[in-house]
Amino acid sequence: MADEALDLPAPPPPPPEPSRQRRVWIAFARLRSLWQRWFLWLLLAVLVLALLVTVVWLAGRHEVEQVQAALERDTADAVVDLRSGLQRNAQSLRATLAPGMERTHWADRAAAQLREHREWLRLEWRDAELRPIEAVNTPYRMRILEESNRGPAQSDVTLACTTARKAGAPAYSPSHYVPVAGGGGVEVMELCLPMDSGDYLVASYSLRDTLVELVGPTLTRGQEVAFTEADGTRLVALGTSRRIGTRVFTSQQRIDLPGASLMLRVDGWRAAPDLFPNMLTALVTAISIALVSVLILLARDTRRRLRAERDLADALAFRKAMEDSVVTGLRARDLQGRITYVNPAFCEMVGFTPEELMADSVEAPYWPTELAHEYHLRQTRRFAGGLPPREGFESVFMRKDGTRFPVLIFEAPLINAHKVQTGWMSAFIDVSEQRRVEELSRASQERLQASARLATVGEMASLLSHELTQPLAAIASYATGSLNLLGPEVKGEQAEVAMAVKRIAEQADRAGQVIRSVHDFVRRRDRMREAVAPQALIDAVLPLVRLQARKLDVAIEIVCEERLPAVVCDRTLVEQVLLNLARNAMQAMDSPDNTGNRLLRLRVARALPVGATVPADGRRWLEFSVADLGCGISDEVAARLFTPFFTTRADGMGLGLSLCRTVVEQHGGALMFEPNRPRGTVFRFTLPAAG
């Protein structure tokens with residue numbers, strides 16, 4: 001046995017003892033769970049107690065409202081009974097004085113009425129002057145109203161009878177206090193009834209007896225009934241006094257009588273309501289307990305659901321914040337091509353609202369009309385399985401206002417959690433700003449190249465002016481020497497030769513002046529300006545213009561207003577402007593399409609330049625215009641007409657119009673153009689007039 005005991009397997013080692021930090025954490029977790037459980041039970045208990053208190057309070061308030069409503073109804077019924085009783089008393093008083101009745105019989109009838117109406121203290125028959133004729137006192141009381149005080153000077157009776165005579169109906173006086181011998185007193189109200197004979201019947205009411213006789217005894221049982229004035233002053237009261245531990249329920253209504261007004265006040269005493277005043281409270285309590293039980297069962301599931309909903313809401317809010325904050329447009333489409341999601345950046349990019357974009361339509365509203373068919377085919381290929389390039393591709397979209405803009409598109413399949421493709425996800429980048437920057441860079445490069453070319457042209461102009469000055473001077477010297485050899489007295493063919501040599505000398509001198517003007521213009525030196533007649537400027541360039549006009553079959557028309565002032569200008573440069581514009585006009589009419597009249601019109605008139613300011617001294621301007629009947633200038637050419645090195649001719653350099661505008665603007669004028677009617681173009685420039 002000992003050997004067998006030694007062969008038993010060893011017991012398993014005890015589990016390792018948790019660390020001190022883990023034990024503290026476990027204890028804290030248990031304490032927190034216990035605290036949460038007790039807090040939940042305490043909260044439920046408070047809710048149940050609050051619900052029970054609310055139900056009991058509502059039930060008690062309902063009972064109070066019922067008691068108050070019953071008291072209001074009883075008070076209204078008592079007021080109706082009082083008014084009916086007072087009306088019957090007035091009719092009974094009128095019956096005591098029958099027509100033709102003798103005075104001795106009235107006393108007997110009045111005494112009989114007093115025995116039937118305990119609320120009356122005295123009945124009087126008074127004449128038209130309110131002097132007592134007959135009077136009878138009630139048999140149920142000692143005499144309260146003295147004869148000495150019941151004269152015609154009694155104010156209460158006088159007021160009631162005056163009101164009754166005016167209204168032609170019974171009238172009452174306000175209540176007045178009549179003291180009684182031995183202490184105390186009685187509140188009395190007078191009733192005056194006018195008769196056809198001019199006499200009056202007066203009945204004195206005791207307000208206390210009125211309450212006893214005309215108000216039902218059930219109203220005074222357990223309550224206090226009183227007559228009060230309008231300000232709340234209590235006149236008389238009947239009923240039981242208030243007991244300790246009871247609540248007061250008050251109701252009062254006005255009794256409007258002819259000539260007087262009273263308030264009927266009823267104070268009711270009622271004990272406080274019980275804990276469960278009715279079965280409804282018990283039923284609601286039972287339902288509340290059942291509801292608390294259900295809440296206990298659902299508390300844990302509710303906490304878990306709230307935690308899951310909070311986590312889901314946080315995740316959705318984070319994703320929504322990311323989608324709304326990116327500047328890249330996002331769009332999702334299903335397998336049928338309908339848009340299912342767009343982010344705010346995409347809506348701002350195309351100018352459409354999400355409702356407009358997610359309409360049930362295969363064609364998107366941002367597709368350009370002229371490219372809709374092409375986009376539809378591309379979308380069809382995409383949903384047929386074609387994969388887009390990973391580096392993206394460019395396209396053109398249309399905004400809501402109709403403007404087009406380039407976009408860079410990246411597309412990828414939209415895969416759900418079950419690894420199934422449900423559509424396509426696209427990202428869009430507006431590259432219009434990038435294209436604009438590229439265009440500005442290209443234009444800047446072109447301007448730099450043009451500036452370099454202009455600098456080169458300036459250097460060439462300086463070089464040519466330097467190299468051509470000496471040959472032109474030699475030509476002019478040889479021409480002058482030839483004229484001297486021919487002599488002043490030449491005839492026949494020698495005269496024609498002398499004229500030709502003279503023209504050679506003039507043109508050589510003119511060429512030198514042009515070269516010097518160009519050199520000064522390039523070097524931006526100040527030129528000497530002089531007053532020149534407009535006709536002299538035209539006459540100077542007219543021979544060269546006519547020479548080219550004969551070659552191109554162009555007619556020339558010159559229009560110059562009379563008595564025009566001279567213009568202050570650099571004569572050589574302005575002549576070159578006129579010559580350049582005239583040559584351009586004739587070249588514009590030299591085309592196979594121009595089969596009509598070829599007319600060149602040069603015109604000078606007074607004008608105010610467009611864009612030029614008028615000095616305060618009233619400076620005048622002259623306008624030179626060169627009009628042709630050519631093919632005109634298109635909008636594309638007009639946008640770049642004055643750009644250096646831009647030309648529409650194969651042999652042109654593109655500097656003529658640019659230099660012409662620079663020369664005119666240096667003189668303070670402006671060079672402009674406009675269409676000619678019926679065809680062609682008109683170039684106008686202005687120069688300041690002398691004086």
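What share of the contacts in the protein with a separation of 6 or more comes from residues 24 or more positions apart? The figure is 60%, where contact means heavy atoms within 4.5 Å. Before going on, note that this is a predicted model, in which local features need pLDDT of at least 70 and side-chain atom pairs count only at pLDDT 80 or more, while totals for chains, interfaces and linings use all residues. Residues are numbered from 1 along each chain as its sequence is written, and side-chain values use heavy atoms, with hydrogens and water left out.

Let's take the overall picture. The accessible surface is about 42,400 Å², and carbon and sulfur atoms own 57% of that (Shrake-Rupley method with a 1.4 Å probe; for residues, only the protein chains shown count as cover).

Now for the aromatic rings. The structure holds eleven aromatic pairs; rings of Phe, Tyr and Trp (its six-membered ring) pair if their centres lie within 6.5 Å, and planes under 30 degrees apart are stacked, over 60 edge-to-face and the rest tilted. One of the pairs is Phe-346 with Tyr-366, edge-to-face at 5.3 Å centre to centre and 85 degrees between the planes. This pair links distant parts of the chain: Phe-346 sits in helix α8 (residues 344–350), and Tyr-366 is 20 residues away in the loop between α9 (354–357) and α10 (372–383). Phe-346 is buried, with a relative accessible area of 0%, and Tyr-366 counts as buried at 1%. Another edge-to-face pair is Trp-367 with Tyr-375, at 5.9 Å centre to centre and 85 degrees between the planes, and both of these residues are buried. Look around Phe-346 and Tyr-366 again and you'll find one aromatic cluster, formed by those two with Phe-397, Phe-405 and Phe-428.

Next, move along to helix α14 (residues 571–589) and helix α16 (residues 656–666). Their axes come within 10 Å and cross at roughly 145 degrees; axes are lines fitted to C-alpha atoms, for helices over the stretch in contact, and angles run from 0 to 180 degrees between N-to-C directions. On the α14 side the contact is made by Leu-573, Val-577, Asn-580, Leu-581 and Asn-584, and on the α16 side by Gly-656, Leu-657, Cys-660, Val-663 and Val-664. What kinds of residue are these? Seven are nonpolar, three polar and none charged. Within α16, Leu-657, Ser-658, Cys-660, Val-663 and Val-664 are buried. Just after α16, Gly-668 takes a positive phi of about 90 degrees.

Asp-570 is in the loop between β18 (567–569) and α14. Is Asp-570 buried or exposed? At 3% relative accessibility, Asp-570 counts as buried. Its C-alpha atom is separated by 8.8 Å from that of Ala-531, 39 residues apart along the chain.

Finally, Thr-681 is found in strand β22 (residues 681–688) and counts as buried at 5% relative accessibility. Leaving aside neighbours within four places in sequence, Thr-681 is in contact with Val-626, Ala-627, Asp-628, Gly-632, Ile-633, Phe-673, Glu-674 and Asn-676.

How values were computed. Helices (H or I, at least four residues) and strands (E, at least two) are DSSP runs, numbered from the N terminus. Ala, Val, Leu, Ile, Met, Phe, Trp, Tyr, Cys and Pro count as nonpolar, Asp, Glu, Lys and Arg as charged, and the others, Gly among them, as polar. Buried means under 20% relative accessible area, exposed over 50%, partly exposed in between (1.4 Å probe, protein chains only).
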